[in-house]
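Trainee: I would like to learn how to read the features of a model like this one. Could you take me through it?

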Amino acid sequence: MNSFKEEIDDAINDIEYGVEKVELILDHPISEINQVAVIKTFTKDNLELLIKMSLVEGYSIIEYINKTKDVQFEQDLDLQKSFDSLPNLLMYYSPEFQKQFGLKLFERLSNIKS
C-alpha cells in the first residue's frame, strides 16, 4: 500500500494538467491531524480552493474564493459536499477543469490503438 505522502503526490499529479497552480500546504492547522493534507489549488477559471484530503473522509472544500464574481454559478454549489477523488471535486467546482478533463480524456482515448 502507498504511503500517505505518495497518495498526496498522486492526487496532485492527477490534476496538474487542468489547473493553473497546485501546492501542498504543510503548515495549515488541519494538516496536523493524522492522514489529512491541505491542498491549495488555483483553477484556470480564477477560483482559489483550499481542499482537505483525508483518507477516511475523502476530499472537501475548506475555503472557496471566487475571483470571477460569477455569483449565479456560486449559488448552485454545495460547499459541504465530499468527493472520492480530487478530479471529481474539481469537476464539480470548476467548469474550466471539467472542460480540461474532457479534453484530456478525449486525447487519451484517441491515442488508444485497436
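Mentor: Helices (H or I, at least four residues) and strands (E, at least two) are DSSP runs, numbered from the N terminus. This is a predicted model: local features need pLDDT of at least 70, side-chain atom pairs count only at pLDDT 80 or more, and totals for chains, interfaces and linings use all residues. Residues are numbered from 1 along each chain as its sequence is written, and side-chain values use heavy atoms, without hydrogens and water.

Trainee: Does Lys52 count as buried or exposed?

Mentor: Buried means under 20% relative accessible area, exposed over 50%, partly exposed in between (1.4 Å probe, protein chains only). Lys52 counts as buried because its relative accessibility is 15%. Lys52 lies in strand E3 (residues 47–54).

Trainee: With which side chain does the Lys52 side chain make a polar contact?

Mentor: A polar contact pairs N or O atoms within 3.5 Å; within protein, one must be able to donate a hydrogen and the other to accept it, and residues adjacent in sequence count only if both atoms are side-chain atoms. For Lys52 the partner is the Glu57 side chain, at 2.6 Å.

Trainee: Where is Lys67 found?

Mentor: Lys67 sits in the loop between strand E4 (58–66) and helix H2 (71–75). Its side chain makes a polar contact with that of Glu48 (3.0 Å).
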